[in-house]
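Keep the sequence and the model side by side as you read.

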Amino acid sequence: MPRRRLDTRLLASGCAALAFGTATVSAIGVASAEPTASDGWSTSCDAEATGYRPVRGLDLPTAANWRDTTPPYTFDETATVAGGFDRIGYCLELSTEAGTTWVWTSMEALSGNPDDVGLPTRMEQSRHQFVDDLTVASNVPGVPEVDGGSGWVEMWPNQYDATGSRQVPGASETVHDADDAVLWANGYGSFQVHVFADADDARGPRAAGAATATPVLAVNAFTTAGPQTMDVGIGADTVGNPDWTFAQNAVDYTARRLTFYARPSLARVDAAPISRQVVPRPGRSATEVSVPVTGVALDPYVTAVELRTTRDGHQTTRRATVSPAAPRFSFTVSLPVARTSTDLELVARTSDGGRHRIGRAVDVVAGDVIVVQGQSNAQAGQQPNSTSSEADRSRWVRTFGTSNNNNPRLAAAIGGWTYAMGDNIQRVAAIGQWAVRMGRLMSAELGVPIAIVNGARGGQPISYFARNDSAPTDGATSYGMLLQRLTRAGLTGPSAIDVMLWYQGEADRDNAEVHVAGFTELVADWRQDYGAGLPVYVHQVRNSPCDQAVPVALRDAQRRLPDTIDNLRVLSTTGLNGHDGCHFDYLDGYRTLGDHNAAMLLDDLYRPGAPKVAPPNPRAAHRVDDRPNQLVVKLRSPAVRLTVEDGAAADFQVPGAVVESVRWQRGRGLVLTLDRPVPAGATVAYLAHRRAGPRVIDARGMGLLAFRIPVE
């Protein structure tokens with residue numbers, strides 16, 4: 001039979017990943033001549049689907065509960081693309097007595113598993129990410145015709161809410177639209193594709209008065225108990241939620257057909273960056289990073305593979321000749337470690353003169369990597385009545401996957417690089433408010449992109465974060481979920497992660513011995529899996545447990561961790577006034593903590609010499625010989641001037657006496673005056689306090705670390 005070309009349209013924007021499977025085809029873009037179950041299955045999208053194979057067809061009922069089961073597809077030919085496919089397509093047709101409306105949309109393959117080309121009825125099939133080589137065609141007025149646009153997909157069997165991932169400018173936080181948030185609980189279902197009006201809106205966070213992405217295809221409520229009448233729609237719903245959630249309108253149509261397509265691969269790409277990726281640089285000093293782009297041509301008609309690289313408006317093209325006898329191709333791309341991005345596109349040239357894109361990645365950068373772990377103050381979401389951190393977001397601060405680690409199946413399924421946001425927790429793109437602020441400051445100061453991955457979960461004791469030593473990547477553990485996520489993001493290896501930031505201890509309820517033992521083991525495991533030289537920073541918790549300022553044993557143990565663990569430093573939280581008893585507001589809370597984190601990391605990791613930035617930390621305490629009612633707390637940095645705010649003496653404790661006043665004296669430290677002579681065998685403690693109030697702070701506002709030490 002004569003050869004036919006694949007769809008040769010080269011789209012103007014990029015796809016989310018250069019990660020494509022293998023395929024061996026006897027003719028370019030032509031399905032096998034053998035009879036198949038899909039023969040005779042015709043759709044309104046046939047003209048748009050040239051070069052694609054229909055692999056599954058489903059006549060949708062009005063209601064269904066297909067949770068954790070395979071829907072009753074009319075035909076299933078996913079085996080025909082088991083060798084590999086690089087694009088997928090969806091055709092939704094809705095019929096009434098007046099006729100049939102339809103929409104076609106296609107994009108890069110969202111996974112290499114053929115079984116995922118269908119409704120996502122299992123959490124392992126969930127997807128919540130950008131797509132950057134989107135096509136859309138429809139006969140419905142108002143649905144945009146798109147060839148090479150950017151989009152956002154929301155595909156899962158789970159329940160979801162409207163709070164979103166902050167990846168779609170202008171999307172609502174209260175109405176279900178183009179940016180909702182998948183929840184860990186199963187049992188509703190979303191199969192939605194949304195398109196950006198302007199592909200540039202999919203390159204970094206930006207403000208917008210109205211949503212810049214709108215639904216083009218929606219099938220919802222296919223995993224509900226009951227079951228419940230499904231929601232179906234083409235374009236946006238103008239009456240209820242724009243994405244048709246809760247529309248329950250499937251009964252309005254006499255027929256509802258959903259067809260799934262796949263395009264066989266012309267080549268297999270073995271190594272390449274993916275869209276929006278932060279490629280880690282080694283050693284925090286390299287000015288550029290070399291990344292490989294390699295693969296194998298699979299179709300005998302492919303004669304060459306071209307790599308097109310675009311940066312700052314300048315495009316370069318390199319070509320590798322291939323043949324059936326020598327099918328491999330290999331390129332190397334140098335990425336500058338700077339706040340500039342690179343687009344990559346791979347194109348296969350065929351013997352008939354055709355040009356076929358086989359992969360693309362957009363907005364790729366190289367930079368440094370920070371990991372955040374701990375409990376709720378590591379999650380650091382926006383507290384009730386607190387200020388948003390949206391103004392501190394940056395295009396150059398990014399993350400991978402989802403911080404939703406309530407369900408291992410969901411955590412392992414969600415991938416893709418996004419632009420980090422701080423307000424919401426357990427969401428795609430969430431890294432916490434203080435991390436957003438810290439990342440923005442560090443990126444601006446260094447002039448490099450920053451990747452921050454947050455694996456925290458609130459309310460958990462130290463044991464929750466332990467490694468399963470017999471299976472470190474065990475996805476049922478917090479440790480394994482984070483390790484899996486970093487591995488999928490390309491952020492593992494001896495020099496990939498630059499620093500680990502830890503904020504946990506409230507849930508250990510002042511049990512210092514258990515906390516220190518568990519954390520010491522955890523640091524050893526991190527350094528085995530992420531590199532022996534991994535720097536670790538510990539935030540001394542404000543209270544342990546929450547809302548109790550008196551217990552200080554755990555906090556003092558955290559202060560002393562550098563005495564027993566190398567390459568570890570402690571950060572303070574006692575100088576933050578925006579405290580509610582457990583968590584922090586953004587202003588004078590998480591925002592200030594982000595400032596302090598950035599100052600310490602920049603000083604320690606990027607400026608040679610002895611550290612200059614550190615919270616005030618006691619070295620020892622002693623009596624004053626000629627003043628029996630005074631004692632001096634010596635500081636590790638005695639020359640650093642401290643401000644002792646009025647009333648701060650109440651936060652100091654000497655059993656058997658009352659601390660009447662505290663003052664800082666240059667060259668000596670903190671001088672405490674008691675209401676009586678210092679008792680024999682006394683200890684002195686600084687407990688800080690709950691909520692706002694008088695502080696002991698340095699010029700940066702870093703608070704004195706809580707402590708209890710003996711009086712010598």
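Arg 257 counts as partly exposed, at 23% relative accessibility. The label has cut-offs: buried means under 20% relative accessible area, exposed means over 50%, and partly exposed falls in between (1.4 Å probe, protein chains only). The model is predicted, so local features need pLDDT of at least 70 and side-chain atom pairs count only at pLDDT 80 or more, while totals for chains, interfaces and linings use all residues. Residues are numbered from 1 along each chain as its sequence is written, and side-chain values use heavy atoms, leaving out hydrogens and water.

Where does Arg 257 find a partner for a salt bridge? The partner is Asp 59, and the closest N and O atoms are 3.0 Å apart. A salt bridge here is a side-chain nitrogen of Lys or Arg within 4 Å of a carboxyl oxygen of Asp or Glu. Arg 257 lies in strand 10 and Asp 59 in strand 1 (residues 53-59), so the pair ties together parts that are 198 residues apart in sequence. Helices (H or I, at least four residues) and strands (E, at least two) are DSSP runs, numbered from the N terminus. Asp 59 is partly exposed too, with a relative accessible area of 39%.

Side chains of opposite charge can pair when their charged atoms come close. A search of the whole structure finds 43 salt bridges. Asp 363 and Arg 395 form one of them, at 2.7 Å from N to O. This pair links distant parts of the chain: Asp 363 sits in strand 18, Arg 395 in the loop between helix 1 (376-379) and strand 19, 32 residues apart. Asp 363 is buried, at 0% relative accessible area, whereas Arg 395 is partly exposed, at 27%. Arg 308 and Glu 306 also pair, with their closest N and O atoms 3.1 Å apart. Arg 308 is buried at 12%, and Glu 306 is buried at 5%. Both belong to a network of salt bridges whose members include Arg 87, Asp 133 and Arg 319.

Now look at a charged residue without such a partner. Asp 508 is buried yet has no salt bridge. Its nearest side chain of opposite charge, Arg 509, is 9.3 Å away. Lys and Arg count as positive and Asp and Glu as negative; His and the chain ends are not counted. Asp 508 lies in the loop between strand 22 (499-503) and helix 5 (512-530). Leaving aside neighbours within four places in sequence, Asp 508 is in contact (heavy atoms within 4.5 Å) with residues including Pro 461, His 515 and Ser 544.

Ser 544 leads on to the backbone. Most residues other than glycine have a negative phi, and most peptide bonds are trans. The bond from Ser 544 to Pro 545 is cis, with omega near 0°. Pro 545 is in the loop between strand 23 (536-539) and helix 6 (553-559). The bond from Gly 226 to Pro 227 is cis as well, with omega near -10°. Arg 166, a residue other than glycine, has a positive phi near 60°. Arg 166 lies in the loop between strand 6 (146-161) and strand 7 (181-196) and is buried, at 16%.

Next, find helix 4. Eight of the eleven residues of helix 4 (residues 478-488) are buried, so it is largely enclosed by the rest of the structure. Among the buried ones are Tyr 479, Met 481 and Arg 485. The buried residues pack against several elements, including strand 18, helix 2 (408-413) and helix 5. Just after helix 4, Gly 490 takes a positive phi of about 75°.

Finally, step back. The chain has seven helices and 33 strands. Of its 712 residues, 61% count as buried. Residues 24 or more positions apart account for 73% of the contacts with a separation of 6 or more. The C-alpha atoms fill a box of roughly 105 × 55 × 50 Å, taken along the principal axes.
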